Each structure stands twice: as C-alpha cells, then as structure tokens.
Amino acid sequence: MAEEKGKVILFKKKKTHILPFVFVGIIVVLLIVLFTCFKIDDIEVTGNKHYTKEQIIEYVKNDGYIDNTILLMLKNKVNPISDIPFIAKIGIDYENAHKITVTVYEKALAGCIEYMDRYVYFDQDGYVLEISLEKLSDAPCVTGMNFESIELHEKLPIKDKKRFKLILKLTQLINKYKLEIDSIQFTSEDELIMYHDDIRIELGDGSNLEEQLIDLDKILEGLSGKCGTLDMKDFDSAVGTASFKAKK
C-alpha cells in the first residue's frame, strides 16, 4: 500500500457563543457594583461662608441628585450646579465609596446698595452680582445714593466717578482689614461715615482711607460696648489723633 505523503489534515474549530455572554455578564456585574456599593452616606462641605452646610447640601440634592458617589461627581462635571445666589461654582469630589466633598466657590462680595426695597450686591470692580430681598450681615450697605436703574451683571451706574472710586476703595479696604462694618453713608457734603454697632465713624472726604482703616479694628475693639462718635477726619496713625465722643 503506497504511503500518502504531504497530506495536511485540517481541524475545524467549532464556533462558540460564550464570549459575548461573558462580556455581558461582566458589564452586568460592574453595573450592580456601581449602583449598590457607592451609596452616599457622608457629604462634607468646604468653602461656604454665606450658606450653612445644610443649605449647600439642600442645593446639591435639589439639582438632579444621584445617590451615588461616582455618578454624582461625574454628573456635576458634565452639568455643574449653577444659578445659586452669591456662588460662582460648586465642585464635587469623590473621597471614598460612601463620601463626597462639596467645595463652594463664593463670589467676592464687596458691599451692597439699597435700591427699590432690594439689596444690590456688587464685587470689588463694581459689577452687580445679585439683587436680593435678603440683607447679608457681612456686606456693608452703602446709603445716600440714587439710581435710575440697576442691571444684574452690569457695573453700578454711578455717574460721579470720584464717588464710585471711593466706594470701591473703601469696600476693598474693609475686606482687606476684615472690618465689621454695618453700613456706609455719603453725607450731603460728600463726606464718608461708617457705622459699627452703636459707633458712628467719621472719615471726612476719604482722602486718607488706607491710614484711617489700617488699625481701625484695634480702635473698635477698645470701644467695644460703647455708643458714640469716632472722629477720624484728621487721623494720623503716628500720633493717634482720633477722638471719641460718647453719646449721653
């Protein structure tokens, strides 16, 4: 019998449908883990000043809330929480499977102006940030000014440029030196007056604001609980020429 040389025998592999099922199974398992093992149990809030932790959490939960650390973080990156008064941005970061950190980036308020029974809040460049019925305790209110109209996100329409610069400089210094000022008033003689609790602080024409305000917190600390007028019109930090007249 003659040998068959050079004959190649091919073995045909049987077709299987296992791989697609394995892939689908992995996806299902991952989805189950994602939706069951990342429930939010703890929310930490940082950067908030004008709002309490509870208020910030309420804003987060009212804006398409997802009770999942990973999904909520991703959702906020794609569609950030917005349109909250006095807040520029809210960031959400993953800490662990059951905890997220909400970071609040607040708008830099300089002060406010009363206008048509509303409080108009502006930044250090004079742009209107918010118009609200609520008076914030840490935003000094400027009085003695009139406006025909005020628009949100526009500059305050103050025609007197000198007065406008004075307002901005004064509110910037108040923030710089962390002074607790309730209100700021322009008199009919264009002089500046500030109020802190029961103390009236007379600053004159505002030509010496930096020197007047640099140590004002220490002066007010020494006058704590008193009522009267602090005259700083001719204040000189070198000799301390400010005078206080108690109210009888």
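Buried means under 20% relative accessible area, exposed means over 50%, and partly exposed lies in between (1.4 Å probe, protein chains only). A salt bridge is a side-chain nitrogen of Lys or Arg within 4 Å of a carboxyl oxygen of Asp or Glu.

This is a predicted model, in which local features need pLDDT of at least 70, side-chain atom pairs count only at pLDDT 80 or more, and totals for chains, interfaces and linings use all residues. Residues are numbered from 1 along each chain as its sequence is written, and side-chain values use heavy atoms, with hydrogens and water left out.

The structure holds nine salt bridges. Take Glu44 to begin. Glu44 is partly exposed, at 33% relative accessibility. Its salt-bridge partner is Lys99, with the closest N and O atoms 3.2 Å apart. Glu44 lies in strand 1 (residues 42-46) and Lys99 in strand 3 (residues 99-106), so the pair ties together parts that are 55 residues apart in sequence. Strands here are DSSP runs of E, at least two residues long, numbered from the N terminus. Lys99 is also partly exposed, at 23%.

Next comes Asp41. Its side chain meets that of Lys39 in a salt bridge, 3.6 Å from N to O. Asp41 is exposed, at 55%, while Lys39 is partly exposed, at 45%.

Now turn to Glu202. Its side chain forms a salt bridge with Lys233, 3.8 Å from N to O. Glu202 sits in strand 10 (residues 199-204) and Lys233 in the loop between strand 11 (228-231) and strand 12 (243-246), so this pair ties together parts 31 residues apart in sequence. Glu202 is buried, at 16%. Lys233 is partly exposed, at 37%. Both belong to a network of salt bridges that also links Glu191 and Arg200.

Key. Helices (H or I, at least four residues) and strands (E, at least two) are DSSP runs, numbered from the N terminus.
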